[in-house]
Amino acid sequence: MTGFLFELSFWLAAPVWLLMIFAPAWGPTARIAGSPLTVVPVLLVYLALAVPVFPELWTAVSSPDLGTFRELTALADGAGAIWSQVIAWDLLIGQWMYREARRLRIPALLMGPLLAFTILLSPFGLLVFLGLRSARVRRSTRDDLTVAVSRGVT
């Protein structure tokens, strides 16, 4: 059962990722990606895996220590729970990136591969996106200033 739940956590998140990557301009994609409720099914899988190992989980998070965390992840349900948690948080990060990219008009051809990269290595994907976002915001601000100055607005 644990193996099934481990895999299920990814497959519950995959449709949202696929929409953001392959159908970013489709109307329902924006509504779906704008909802934090997309992670609820993944969090239910998390609960199913975390409840049986709750004492070990509580020990690992209430007194963080590499040894207790290692003991938690040595348990199949413990590793599965951590995996489901990662899948849920990665999805929320991806949804935020998608919405920010749309707001800043970052091209979908750039965001698609970046979102795919984020599925695999979310910390790296998020860092790349934060750099891209910062550059885009600076450029937009500079462009806005240039337009204002050319119109005589200060």
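Student: What are the ground rules here?

Tutor: Residues are numbered from 1 along each chain as its sequence is written, and side-chain values use heavy atoms, with hydrogens and water left out. In this predicted model, local features need pLDDT of at least 70 and side-chain atom pairs count only at pLDDT 80 or more, while totals for chains, interfaces and linings use all residues.

Student: How many salt bridges does the structure hold?

Tutor: There are 2. The term needs a side-chain nitrogen of Lys or Arg within 4 Å of a carboxyl oxygen of Asp or Glu.

Student: What makes Glu100 and Arg103 a salt bridge?

Tutor: Their closest N and O atoms are 2.9 Å apart. The limit is 4 Å, so the pair counts. Both residues lie in helix H6 (residues 76–103), 3 residues apart, about one turn of the helix. Helices here are DSSP runs (H or I, at least four residues; strands are E, at least two), numbered from the N terminus.

Student: Why is Glu100 called buried?

Tutor: Its relative accessible area is 10%. Buried means under 20%, exposed means over 50%, and partly exposed is in between (1.4 Å probe, protein chains only). Glu100 is therefore buried.

Student: How do you know that Arg133 and Glu100 form a salt bridge?

Tutor: N to O is 2.6 Å, which is within the 4 Å limit. Arg133 lies in helix H8 (residues 122–150) and Glu100 in helix H6, so the pair ties together parts 33 residues apart in sequence. Shared partners join Glu100, Arg103 and Arg133 into one network.

Student: Which class does Arg133 fall in, buried or partly exposed?

Tutor: Arg133 has a relative accessible area of 27%, so it is partly exposed.

Student: How many aromatic pairs are found?

Tutor: The whole structure has 4. Rings of Phe, Tyr and Trp (its six-membered ring) pair if their centres lie within 6.5 Å; planes under 30 degrees apart are stacked, over 60 edge-to-face, and the rest tilted.

Student: What makes Phe54 and Trp58 a stacked pair?

Tutor: The centres are 6.3 Å apart and the planes at 20 degrees, so this pair is stacked. The two residues are 4 residues apart in helix H4 (residues 54–62), about one helical turn.
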